[in-house]
Amino acid sequence: MARQIKLFDTTLRDGEQSPGCSMNLQDKLEVAESLASLGVDIIEAGFAIASPGDFKSVQAIAKSIRGVTIASLSRALEKDIDASWEALREAESPRIHTFLATSPLHMEYKLKKTPDQVYEQAVAMVKYARNLCGDVEFSLEDASRSEPEFMYRVIEGVIAAGASTVNIPDTVGYAVPEEYAALIRNIRNNVPNVDKAVLSVHCHNDLGLGVANSLAAALAGADQIECTINGLGERAGNAALEEIVMNLYTRKEYYNMTTRVDSTRIWQTSRKVSKATGVRCQPNKAIVGDNAFAHESGIHQHGVLANRATYEIMTPESIGLPHNKMVLGKHSGRHAFEERLAYLGHRVSEERLNELFEAFKELADKKKTVSDRDIEAMVSGSSSGIPESFQLDRFVINSGSSMTATSVVRLKLRDGTKVEKVAIGDGPVDASFNAVDKIIGGSEIKLEDYNLQIVDATDTGADAQGESHVRITRDGRTWNGSGVSTDIVESSLRAYLFAINAMLYDLEQEKTRSAQ
Ligand code: KIV
Ligand code: ZN
């Protein structure tokens, strides 16, 4: 029988450590919900002591996400472990994850401690954590560059102290598959109490070997793989969850291992993470890149038409990639639309269904065919429950090669009043954003990033949709927004307003909480 490998997803912790990938509370909750539906075993929700925002998001996820273990990272220090426990205590299944470096380099230069001191601290902190929580994971940071004999001693000590999972990270992405597999085998053969704990691996991708190292380690006896959606993570990222799952699935006879993950939810989860972080995958990214299932050359197209297996080792359906065109146009009913949403994995409230159906009708008026990808973009480009302090009412632009771009934007406020302003800028999008800034008084808001994509590359010409993503910052904090429309200035304005509304919502919530 196939061996079951546990998947520990760290998109919300290591993934969020990627430059420019920070997420707000609402985004993190949505990503956590998607990860739970995807079927991961453990969600590392954050690093509770790192900031008040991190603490709140671990706490919110611990309170609301069920059916999965929720972990919080902590250095091997009492105050970190206390913060993690405080944030996690309402979780259905909480896990304190604590770590300490064991490599000579880290111990001497970073920790300035002897190996004996590191050993004592690791054991003491695992005991401390175990007094609070029944599920404790200990990570030997920089394990792949640590002395094996010292590692065996630490692993034995932390297991005896109560660690139920021991993680052997390749923190700097230095390992080679055969060598890393040997390390796991040696740990299995040299640590007397190793079978009392789950052995985990956590591989970074600095040399592009994150997934290969994780799979080699699993073959050598690791029971848990730590990974992230879209391979996000520090520097070059972590091993990508979707690549691990699809390797095990596509080559099941070779690996003889499975996970609890429902592979048909991969594409949607990947999109959700891209939307939350504002970072899209490179087009040729394995499994979830836009080109992962695209056949460009004539020879390949011919082969695939004759028999898909000629050039396709897995089907787009197996990762949940939407491909069907909606047969329903502007005369289609609400029920059919709701069914399509459900097919795409979106179970929405009555109120949100009404909003989305309105948007669908508007789109169906503009486009002949509405594809599943259009619907996905529509769902991710709408504000998903965040109250809209500012709503786009209308805009007019005047732009050309021999004139300064001008934009007149009118926004509807929450009380129903409408405010209109005119502004100039370097092109119609810049002018429109400047007009919005004038209305909202947004001088402290900085536009950090902006990008625009065509939603469905298979759509021809005029009625394809533009999907815009923006990232804004204020006082060092970040918010993302997406917007879709057949008009690119409109999609850009929608994305900008999405991010602004998310920011205002967060600030309002924080003010209310601190007044209580
Ligand atoms: O890469 C690493 O070593 C880590 C640990 C904290 C698990 O992220
Ligand atoms: Zn890491």
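The legends below describe close-up views of a predicted model. Local features are given where pLDDT is at least 70 and side-chain atom pairs only at pLDDT 80 or more, whereas totals for chains, interfaces and linings use all residues, and side-chain values rest on heavy atoms, with hydrogens and water left out. Residues are numbered from 1 along each chain as its sequence is written, while chains are lettered from A and ligands numbered from 1 in the order in which they are written.

**View 1. The closed barrel of eight strands.** The strands of this barrel follow the order β2-β3-β4-β5-β6-β7-β8-β9 with parallel pairing; strands (E, at least two residues) and helices (H or I, at least four residues) are DSSP runs numbered from the N terminus, and two strands pair if DSSP finds at least two bridges between them. On average, neighbouring strands of this sheet are turned by 25 degrees against each other, direction ignored, with axes taken as lines fitted to C-alpha atoms, for helices over the stretch in contact, and angles running from 0 to 180 degrees between N-to-C directions. Six bridges link strand β4 (residues 69-75) to strand β5 (residues 94-101) in the parallel sense. Helix α3 (residues 78-88) packs on the sheet and touches β4 and β5, its direction making about 160 degrees with that of β4, where contact means heavy atoms within 4.5 Å. Within the pairing of these strands, A71 has R95 in β5 as its bridge partner.

View 2. Six of the six residues of β6 are buried, that is, under 20% relative accessible area, as against over 50% for exposed and in between for partly exposed (1.4 Å probe, protein chains only). The cover extends to both faces, with V136, F138 and L140 buried on one side and E137, S139 and E141 buried on the other. β5 and β6 run parallel and are joined by six bridges, and L100 stands opposite L140 in β6. Towards strand β7 (residues 165-170), β6 is joined by three bridges, again with the strands running parallel, and S139 has N167 in β7 as its bridge partner. Helix α5 (residues 115-132) lies across β5 and β6 (136-141) and runs at about 170 degrees to β5.

**View 3. The zinc site.** D14 (OD), H202 (NE2) and H204 (NE2) coordinate the zinc ion (ligand 2) at 2.0 to 2.1 Å; donors are N, O and S atoms within 2.8 Å of the metal (3.2 Å for Na, K and Ca), and water is not among the atoms, so sites may look incomplete. The sequence spacing of the donor residues is D-x187-H-x1-H, and both H202 and H204 are buried.

**View 4. The open sheet of three strands.** The strand order here is β11-β12-β13 with antiparallel pairing, and β11 and β13 (418-425) are the edge strands, each of which pairs on one side only. Neighbouring strands of this sheet are turned by 15 degrees against each other on average, direction ignored. Strand β12 (residues 403-413) and β13 run antiparallel and are joined by eight bridges, with A423 in β13 as the bridge partner of S407. Helix α16 (residues 428-440) lies across β11, β12 and β13 at about 135 degrees to β13, and helix α17 (residues 488-515) lies across β11 and β12 at about 140 degrees to β11.

**View 5. Two glutamates in loops.** E388 lies in the loop between α15 (372-380) and β11 (390-400), and with a relative accessible area of 36% this residue is partly exposed. E388 and R414 are 26 residues apart in sequence, and their C-alpha atoms are 6.9 Å apart in space. E312 is found in the loop between α12 (298-306) and α13 (334-343); E312 counts as buried because its relative accessibility is 13%. Residues up to four places away in sequence not being counted, E312 touches F293 and H295.

**View 6. The largest cavity.** The largest cavity has a volume of about 70 Å³, a cavity being, on a 1 Å grid over the protein atoms alone, a set of points where a 1.4 Å probe fits but cannot get out, and a volume being the space filled by probe spheres set on the points, which are joined across faces, edges and corners. Its lining consists of W267, R271, R280, D290, R373, A377, I454, V455 and E467, lining residues being those with an atom within 4 Å of a point. The elements that give two or more residues to this lining are α11 (266-277) and α15.

Terms used: 1 Å grid on protein atoms, 1.4 Å probe; cavity = no way out; pocket = protein on both sides within 12 Å on 5 of 7 lines; lining within 4 Å.
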